[in-house]
Amino acid sequence: MTNLRSLYNFNGGVHPPQHKEVSAGRPIVKAPIPSRLTIPLHQHIGNVAKPIVQVGEKVLKGQMIAQAEGYVSASVHASTSGTVSAIEMLSVPHPSGLPDLCIVLESDGEDTWAERIPLNYREMDLSALRNRLRDAGVVGLGGAVFPSFIKLNPGPQQKIQTLIINGAECEPWITCDDMLMRERADEIVQGIEIMRYLMRPEEILIGIEDNKPEAIAAMQAACSNLHFQIDVIPVPTIYPGGGAKQLIKVLTNKEPPSGGRSTDIGVQCFNVATAYSIHRAINHGEPVISRIVTVTGNVTLPQNFEMLIGTPVNELVALTGTPKADTNRYIMGGPMMGFDLPSDRVPAIKATNCIIAASPRLFPQPPAPMQCIRCTRCAQACPVDLQPQELYWFARAKNLGKAQEYFLFDCIECGCCSYVCPSNIPLVQYYRFAKSEIWAREKEKQASDLARERHEFRQLRIDREKQERAEKLAKKAAAAKAAPTPAVEGTANPSGIDSDAAAKKAAIQAAIERSKAKKAGIAPKNVDNLPPDKLKEIQNIEARREKIRELAQKEIE
């Protein structure tokens, strides 16, 4: 373990007020079990997990209730024991405010665990170990919530030289990672050891901002007696120094290529909370059903809580005392990259690292935006070396192609450009708009391409079937022509009339002859004693029948 390592700078960055001391002075407290938990099935990047329980079913704590669907997905588990009361669309913590599929769990208060099976990972196949993490619902808990088993499998062609554990936590107000490192450093290191077994990196670095001396000391102590080396490195406090790309740059002087991944340069990065959850999943058999969350802002006692996934936000806030009267909204995440919650009744999820009770006093309404004066302060602050002012103009003019040429999708939406803009332009909102428009158009194009392919395939199928029918009819006609003409008894076919028609006519004639013979052999019965008028009527009927027979005979002939 050594701190003697050269550090590098990334462009830009800002120094907003930290406000971390308000919640970092108290230890982590375990939040009580709520009576009802709402557990969204889409808590990660990728496909929505598929529910595997029914309404009315009793479940145990840690039991899988939704299975990963597709490759990029992760399973979801019951946060406590109880009964599934509903599976329905409910409001979730998302910037769109749209509802999503959730499982509602009524707690029985007993908090009974399902069977937990610790694993000896050193004797496990690497693929099986990664699948175990997928089934345990392990995702990146730094905010990205990307399924971790995928990041732990860079592929045989991409050797990971450097494994970076991110303890920077650069967003103001948030202290959950800081407190986790202070109190559970040993368990974080055990999770890192599992990552090391999976990826075989040449070096392991833990980057922690230098405004967290207690966390740095705790992690250094935890790493001091290992059989392998981990470097705990204090890094300068600057926002967004905790971004994965920025931390990689500071620690290694490497930069992932535009549109590429960090594995392209031999580096992989995980949050400290992710390492902790990997340790709990493998060494204790516990899936991700809880996490540390900071509840701060306009509350009486800001603090960090270990809460069950699905706990309503208003119940978490209530743990810090009665919310202050001027609280007007709640922010999930930090003030730079977080978003306003649609309601304080939405559940806290795996991505919930912080809840900030906001008020006009803490977060005053920004002044009305003015015209861009091209001062380029945004470019000076951009940590990704973009030209935010140009992106702003392109996005505003809906010149989306040009925005992409200026690397719009390299923007990490850190908010530094908006923070320093003297014209108070909400620049990040323009970038988000441009990205969503591009994604929507791309989706429409894919749907159009798919519809065209389907139409072309249908037309090909119709043409093929038409050709097959024509060939079949031609074969049948040729076979009929080549077959010998069936001979009707006592007749010939000298005129060349169609053999099928002749056979049919002969069969009808034979039936008529049989009918005549039958009628000739049948004499009227019970007519001896009939009066003359009735006999006359019967004779008339017989005459009409005979006439009809004659007409029918003429038509056939």
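The backbone nitrogen of K254 lies 3.1 Å from a polar atom of the T252 side chain. This is a polar contact, that is, a pair of N or O atoms within 3.5 Å; within protein, one must be able to donate a hydrogen and the other to accept it, and residues adjacent in sequence count only if both atoms are side-chain atoms. The T252 side chain also reaches the backbone oxygen of I248, at 2.6 Å. T252 itself lies in helix α7; helices (H or I, at least four residues) and strands (E, at least two) are DSSP runs, numbered from the N terminus. With a relative accessibility of 15%, T252 counts as buried, where buried means under 20% relative accessible area, exposed over 50% and partly exposed in between (1.4 Å probe, protein chains only). Leaving aside neighbours within four places in sequence, T252 is in contact with R5, Y8, T162, I164 and L205, contact meaning heavy atoms within 4.5 Å.

The model is predicted: local features need pLDDT of at least 70 and side-chain atom pairs count only at pLDDT 80 or more, whereas totals for chains, interfaces and linings use all residues. Residues are numbered from 1 along each chain as its sequence is written, and side-chain values use heavy atoms, with hydrogens and water left out.

## The parallel sheet and its helices

An open sheet is formed by 4 strands in the order β11-β10-β9-β12, with parallel pairing. Its edge strands, β11 (231-235) and β12 (267-271), each pair on one side only. On average, neighbouring strands of this sheet are turned by 25° against each other, direction ignored. Two strands are taken to pair if DSSP finds at least two bridges between them. Strand β10 (residues 203-209) pairs with β11 in the parallel sense over 5 bridges, and P234 in β11 is the bridge partner of I208.

Helix α8 packs on the sheet, where it touches β9 and β12, and its direction makes about 80° with that of β12. Helix α7 (residues 244-252) lies across β9 (162-166), β10, β11 and β12, running at about 125° to β9. For these angles, axes are lines fitted to C-alpha atoms, for helices over the stretch in contact, and values run from 0 to 180 degrees between N-to-C directions.

## Helix α2

Within helix α2 (residues 126-135), the residues L129, R130, L133 and R134 are buried. Seen down the axis of α2, these buried residues fall within an arc of 145°, so they line one face of the helix; the arc is that of the directions from the helix axis to the C-beta atoms. An α-helix has 3.6 residues a turn, so residues three or four places apart point the same way. The cover over the buried residues of α2 includes α3 (148-151), α5 (185-199) and α8 (272-283).

At the N-terminal end, D125 caps α2 through a side-chain oxygen lying 3.0 Å from the backbone nitrogen of S127. Just after α2, G137 takes a positive phi of about 70°.

## The enclosed strand β14

Strand β14 (residues 303-308) has 6 of its 6 residues buried, so it is largely enclosed by the rest of the structure. Q303, F305 and M307 point one way from β14, while N304, E306 and L308 point the other way.

Strand β13 (residues 290-297) pairs with β14 in the antiparallel sense over 6 bridges, and the two form a hairpin with 5 residues between them. In this pairing I292 stands opposite E306. Strand β1 (residues 29-30) runs parallel to β14 and is joined to it by 2 bridges, with V29 opposite F305.

## Helix α14

Helix α14 (residues 427-482) has 56 residues and reaches 83 Å from its first C-alpha to its last, close to the 82 Å expected at 1.5 Å a residue. The expected span is 1.5 Å times one less than the number of residues. The buried residues of α14 are L427, V428, Y431, A434, K435 and I438, and they pack against α10 (377-381), α11 (388-396), α12 (400-405) and α13 (416-420).

## Backbone features in loops

A cis peptide bond, with omega about 5°, joins Y239 and P240; P240 is placed in the loop between β11 and α7. In the loop between α7 and β12, N253 has a positive phi of about 65° although it is not a glycine. N253 is partly exposed, with a relative accessible area of 38%.

E413, in the loop between α12 and α13, is a residue other than glycine with a positive phi, near 55°. At 18% relative accessibility, E413 counts as buried.
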